[in-house]
Amino acid sequence: MADKNEFHDDRAILDIHDMPKFFPWVGLSLQHMFSMFGSTVIVPLLVGLSPSIALFASGVGTLLHIMITQRKIPAYMGSSFAFITPMLALMKTTGYPGIAQGVIGVGIVYMIVAAIIWAVGSDWVDHILPPIVVGPIVMVIGLSLAGSAAQDAMMKNGKYSLLYFVIALATLFLAIIFNMLFKGFIGLIPVLLAIVCGYLISVFCGIVDLNAIASAPWFKIPAFDIPGIDYKFHIDWAAILAITPIAFVTMTEHMGHIMVLDELTGRDFFKDPGLNRTLAGDGAASLFAGLVGAPAMTSYGENIGVMAITKIHSVYVLMGAAMFAILFAFVNKLNVLIMQMPMPVIGGISFLLFGTIATAGIQVMVENKVDMGLKRNLMIASTVMVIGVGNAYLQLGKFQFTGLAFATIIGIVLNLVLPQKAASEREHEQQLADKAAEEEKQRLLHQRHLHK
């Protein structure tokens, strides 16, 4: 439990170290598990890996992250989308053994960078990431996912579906209604309730395969891929180099998520428990994933969105979600039930989750009184947002900086090189100062004339 003298954010319904009662705890944890499930299993499905193993690794990875960060950061680890392209290529050549080495390599890179930051400190973070950079980056994290949410909400097999869109909007509006009109326990789980209702609407509309759920066995051990047991381990440098460098890109996204959590919880996680621990937590999650047959792990914006909407930041709720993920990896029928989650339900709830993250970026700039009348601030915010939201990625051979990562780098560079005020602004200030001095001079001359 937390020390009595530790900071407590009274804006939250449940702050980081507040433990909920048992039955609300179950509902709140299931809400987080459902929120991350779609994205976490989509990555292995796209690549050809086992969704059950990814789910298991996400649960264990989350518990590792919370333990390494001393139970101070409410973050959920899920499958990273950043590694899909090289993983798809490696599945055609080396298969999972090559991917595993790359994923383990990602974890090791995170650990090395964490050790360096532990040695030199992280005071530089405040210098390179002021509110004018942080705010737009946080907005990009939410808005860059808007296209994905819209696709999930509207498209069926690549074609527009009015039925899908109606279900998505129904899910969205139900989440808003549950959030705004209900109090007590129902008011705490609006996302979960909206997802369940959206699922039931989808069943009624006939877009859920009930036969697949009915025929699935209740329990099934995930098909783990463990080096030295399920396949012979040998170092494949080509596979390692294909995946590992992308860790430097996902580190940038990781820092963006930490910024959002800082704003939500009223803390500075870069200082306590420290960026070294947050990176080590991510690294440990990917290391474990590579050892059991899962894709690389990263912190999840969906779960940050849930916390922003519900104002429940308890690490115990995230730990509960992680334990449910581990359990569901073995309870096959429940796993299949959730894998049948209709895409319009995911899309509809994502409208709210991703939008909430974006508005947290606006809040960063408002609370820090960022003056958007200054050309410097306007240049930084405008450039970061359009590059990030438009996903203007930088491709160097096989190495790709995503729109978010590239926008973050551009924002940091502009903040470091641009003067505090533009030449025209300095000229205008000088003109105003000269005018004020001349007026003061005329006033003094007039006073002397009156005295004579």
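Ala329 sits in helix α16, which spans residues 315–330. Helices here are DSSP runs of H or I with at least four residues, and strands are E runs of at least two, numbered from the N terminus. The model is predicted: local features need pLDDT of at least 70, side-chain atom pairs count only at pLDDT 80 or more, and totals for chains, interfaces and linings use all residues. Residues are numbered from 1 along each chain as its sequence is written, and side-chain values use heavy atoms, with hydrogens and water left out.

Is Ala329 buried or exposed? Ala329 counts as buried, because its relative accessibility is 1%. Buried means under 20% relative accessible area, exposed means over 50%, and partly exposed lies in between (1.4 Å probe, protein chains only). Beyond its neighbours within four places in sequence, Ala329 is in contact (heavy atoms within 4.5 Å) with Ser52, Leu55, Phe56, Lys220 and Pro222. Ile221 is 108 residues away along the chain, yet its C-alpha atom is 7.7 Å from that of Ala329.

Now to the charged pairs. Side chains of opposite charge can pair when their charged atoms come close. The whole structure holds five salt bridges. A salt bridge is a side-chain nitrogen of Lys or Arg within 4 Å of a carboxyl oxygen of Asp or Glu.

One of them joins Arg11 to Asp9, at 3.0 Å from N to O. Asp9 has a relative accessible area of 4%, so it is buried. Arg11 is partly exposed, at 42%.

Another links Asp15 and Arg267, with the closest N and O atoms 2.7 Å apart. This pair connects distant parts of the chain, 252 residues apart. Asp15 lies in the segment before α1 (22–47), and Arg267 in the loop between α13 (247–265) and α14 (270–292). Both residues are buried.

Glu440 and Arg443 form a salt bridge too, their closest N and O atoms being 2.5 Å apart. They are three residues apart in helix α21 (residues 423–451), so about one helical turn separates them. Glu440 is partly exposed at 35%, and Arg443 is partly exposed at 39%.

Finally, a helix pair. Helix α4 (residues 96–120) packs against α14 at about 165°, with the axes 8 Å apart. Axes are lines fitted to C-alpha atoms, for helices over the stretch in contact, and angles run from 0 to 180 degrees between N-to-C directions. The two helices are therefore roughly antiparallel, a label for angles over 145 degrees. The contact of α4 with α14 involves 19 nonpolar residues, five polar and one charged. Nonpolar covers Ala, Val, Leu, Ile, Met, Phe, Trp, Tyr, Cys and Pro; charged covers Asp, Glu, Lys and Arg; the others, Gly among them, are polar.

Definitions and conventions: Angles under 35 degrees count as roughly parallel, over 145 as roughly antiparallel, 65 to 115 as roughly perpendicular and the rest as oblique.
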